[in-house]
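Subject: Structure for you to look at

Hello,

Here is the structure I promised to pass on. Please open it next to this email and follow along; my notes come after it.

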Amino acid sequence: MIQKSMAISPEGKLRFGGADVEALARKYGTPLYILDEGRLVENMRAFVRGAEAAFGRDTLVTYASKAMCFKALYPILEREGLGADVVSGGELYTARQAGFPMNRVHFHGTYKEDWEIDMALQAGVHSLIADGEYDLENIARRGRVAGILAPVMLRITPGIDPHTFAAVNTGMECQFGRPLETGQAMEFVKTALKQPGVRVLGLHCHIGSQIFEEGPFALAAEKMLNFCRQILDETGWSPEYLALGGGFGVRYRESDPECSVEHMLRGLGETVRRLCREKGVPQPKIILEPGRSIVADAGMTLYTAGAVKQIAGGRNYVIVNGGMTDNPRYALYKAPYTVYNASRMTGEDLETYTVAGRCCESGALIQENVRLPRVQGGDFIAVACTGAYNYAMASNYNRVPRLPVVLVKDGADRLAVRRETLEDLLKCDI
Ligand code: LLP
């Protein structure tokens, strides 16, 4: 099976994180997100250990909260020694309410409302990532109002094509940061260094998502360290921190490559040390921002199959009791997933199905062309590796309540996010 957390019981049923998923379905209902805490911790440790081995002890791994954000995640991150990056007042609020140490938090975003900047400054975040001159000026202005010297890092676009899908490619020309190629990045740095009210701690870049090789990261590091040399020559300033973003690849299907974090980071560490030596720039503290690779393969979604429809001469559809409201990624990106019939894992009567959600539009599919042991209404359907950008991107389209999140660990389960109720749906209606 695609996930380390998965196993098959003697009765041919799916187990996840040591728990029987049918028992979880009976206890919490479906559809349901299940997260294996054991796997989460393994992923966190792989990054923290890998980063320390590669870049030294003062490196920082900050989890990209956008991948999945709920309160119970933060004590685990804290225990494992990670920081967190947030991109909104909502994510910051969640981390703060969870008691997460604010000096390990980075605040990102292309548009920061004044109240969000104020909240970040008052909370005492490690830094705000200024996305450009406009953002920088706003941060400085709010800092002056609060009487706080605002710690900032500067978002740079290094102009790298990480050969990934365009919707999540942020290293080439895009709306994020200031580009190296055009000279605007250098102008931005010089403006920031002269900007009263801010303390410039470092530089930041993020080149994209689902990157399986070290190459694009090494190229980003090289471009950024070249830039550091240039900045040193022109201004005498060296960044204390260099953030290289997230984007480490995750296996959603058997055909996806394996991505060894330790191996990639080791190579990247050597590259960074060599480049700093060759270019004569002091080695900055490296920050990594993995999101997907921490949570994706720790999570799965469990649905109940309803109707199984055969279109004469056409396809088999199985309709499940969730859909684009809890996983919009197929509708948005045609994102691949591995699907299982959790009730009959060992069945040999395989059929090809399109797994469709319950939303009222034909594109509301979870996955097409999946081979499953024959599905009957009432079977449980599992979609693997849904820990990242599923719960985080869920919506109330069709006024469907959002799903609960259950954490499992060595067979024990606990509710981390309860299911939305109909009353919740009316909370904001006047
Ligand atoms: N840091 C920054 C500045 C980012 O913009 C992102 C992701 C990350 C870190 C984390 O990247 P990761 O390690 O998760 O690949 N909704 C899309 C993903 C958008 C990611 C945007 N930025 C999806 O469902 O694939």
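Is Arg344 buried, partly exposed or exposed? Its relative accessibility is 23%, so Arg344 counts as partly exposed. Please keep in mind throughout that this is a predicted model.

**Salt bridges**

Arg344 has a partner: it forms a salt bridge with Asp349, and their closest N and O atoms are 3.5 Å apart. Asp349 is partly exposed as well, with a relative accessible area of 32%.

Another pair is Arg374 and Glu351, where the closest N and O atoms of the salt bridge are 2.9 Å apart.

In total the structure holds 28 salt bridges. As background, side chains of opposite charge can pair when their charged atoms come close.

Arg141 and Asp114 form a salt bridge in which the closest N and O atoms are 3.4 Å apart. Arg141 lies in helix α6 and Asp114 in helix α5, so the pair ties together parts that are 27 residues apart in sequence. Arg141, at 32% relative accessibility, counts as partly exposed, and so does Asp114, at 30%. Both residues belong to a network of salt bridges that links Asp114, Asp118, Arg141 and Arg142.

**Helix α5**

Which residues of helix α5 (residues 114-123) are buried? They are Glu116, Ile117, Met119, Ala120, Leu121 and Ala123. When you look at their positions, remember that an α-helix has 3.6 residues a turn, so residues three or four places apart point the same way. The cover over the buried residues of α5 includes α4 (89-97), β7 (105-107), β8 (127-130), α6 (133-146) and β9 (150-157). Just after the helix, Gly124 takes a positive phi of about 80 degrees.

**Lys112**

The loop between β7 and α5 contains Lys112. At 4% relative accessibility, this lysine counts as buried, because the cut-off for buried is under 20%. What does the side chain of Lys112 reach at 2.8 Å? The answer is the backbone oxygen of Gly109. Leaving aside residues up to four places away in sequence, Lys112 touches Phe107, Ile117, Leu128, Ile129, Ala130, Asp131, Asp135 and Ile139.

**The two domains**

The protein chain is divided into domain 1 (6-36 + 297-425) and domain 2 (108-290). Their centres, taken over C-alpha atoms, are separated by 36 Å. Where they meet, 7 residues of domain 1 are in contact with 6 residues of domain 2. The two domains bury about 710 Å² between them, with 58% of it on carbon and sulfur atoms. On the side of domain 1, Tyr333, Pro336 and Cys385 lose the most area to domain 2, and together they make up 52% of what that side buries. The residues of domain 1 that touch domain 2 divide into 5 nonpolar, 1 polar and 1 charged.

How many salt bridges cross the interface of domain 1 and domain 2? The count is 0. For polar contacts, the count between the two domains is 1 residue pair.

Regards

Methods. Residues numbered from 1 in each chain as written. Predicted model: local features only at pLDDT ≥ 70, side-chain atom pairs only at ≥ 80, totals over all residues. Heavy atoms only, no water. Domains from an automatic or database assignment. Contact = heavy atoms within 4.5 Å. Buried area = accessible area lost by both parts, 1.4 Å probe. Salt bridge = Lys/Arg side-chain N within 4 Å of Asp/Glu carboxyl O. Polar contact = N/O pair within 3.5 Å; in protein donor to acceptor, adjacent residues only side chain to side chain. Nonpolar A, V, L, I, M, F, W, Y, C, P; charged D, E, K, R; others polar. Buried < 20%, exposed > 50% of the residue type's maximum accessible area, 1.4 Å probe, protein only. Helix = DSSP H or I, 4+ residues; strand = E, 2+ residues; numbered from the N terminus.
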